[in-house]
Amino acid sequence: LMLSAILAISLTLTSIFIPKIRSITEAADSIGAIYAADSAMEWCLYNNRGNNPPLAQPVMANGSTYQIFRDGNPSACPGGETLNYRTVGTFRRVSRSFQTSELEL
């Protein structure tokens, strides 16, 4: 009976604290995802402004990845286009996104 009570208390405490620990971990992983999305967006903006020579694509050292989209389709971010891009950075299981758009007058 005593062992059952200790087990029930342990399982209850575990069910309370595991989601909190997971959210703390995801908050830390969010920084890596934001860094990846921001690096890709900065690279895209730099190359689209006609800077010569264009920079090579950024390489993420922490294992994060990024994707660049233009009008909902994957893009290589070539220069000379209007800046309607969205970058998505992913680190572990967390993704963060930045979007930029340029109005044509």
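Me: Which residues is cysteine 77 in contact with, leaving aside neighbours within four places in sequence?
Reply: This is a predicted model: local features need pLDDT of at least 70, side-chain atom pairs count only at pLDDT 80 or more, and totals for chains, interfaces and linings use all residues. Residues are numbered from 1 along each chain as its sequence is written, and side-chain values use heavy atoms, with hydrogens and water left out. Contact means heavy atoms within 4.5 Å. By that rule, cysteine 77 touches Trp43, Cys44, Asn48, Ile68 and Tyr85.

Me: How far apart are the sulfur atoms of cysteine 44 and cysteine 77?
Reply: A disulfide here is a pair of cysteine sulfur atoms within 2.5 Å. The whole structure has 1 disulfide. Cysteine 44 and cysteine 77 form a disulfide, with their sulfur atoms at 1.6 Å.

Me: Is the disulfide of cysteine 44 and cysteine 77 right-handed or left-handed?
Reply: Look at the torsion about the S-S bond. For cysteine 44 and cysteine 77 it is about 110°, so the disulfide is right-handed.

Me: Is serine 39 buried or exposed?
Reply: Buried means under 20% relative accessible area, exposed over 50%, partly exposed in between (1.4 Å probe, protein chains only). Serine 39 sits in helix α1 (residues 2-48); helices are DSSP runs of H or I, at least four residues, numbered from the N terminus. Its relative accessibility is 16%, so serine 39 is buried.

Me: Which residues is serine 39 in contact with, leaving aside neighbours within four places in sequence?
Reply: The sequence neighbours within four places are set aside. That leaves two partners for serine 39: Pro58 and Met60.

Key:
Helix = DSSP H or I, 4+ residues; strand = E, 2+ residues; numbered from the N terminus.
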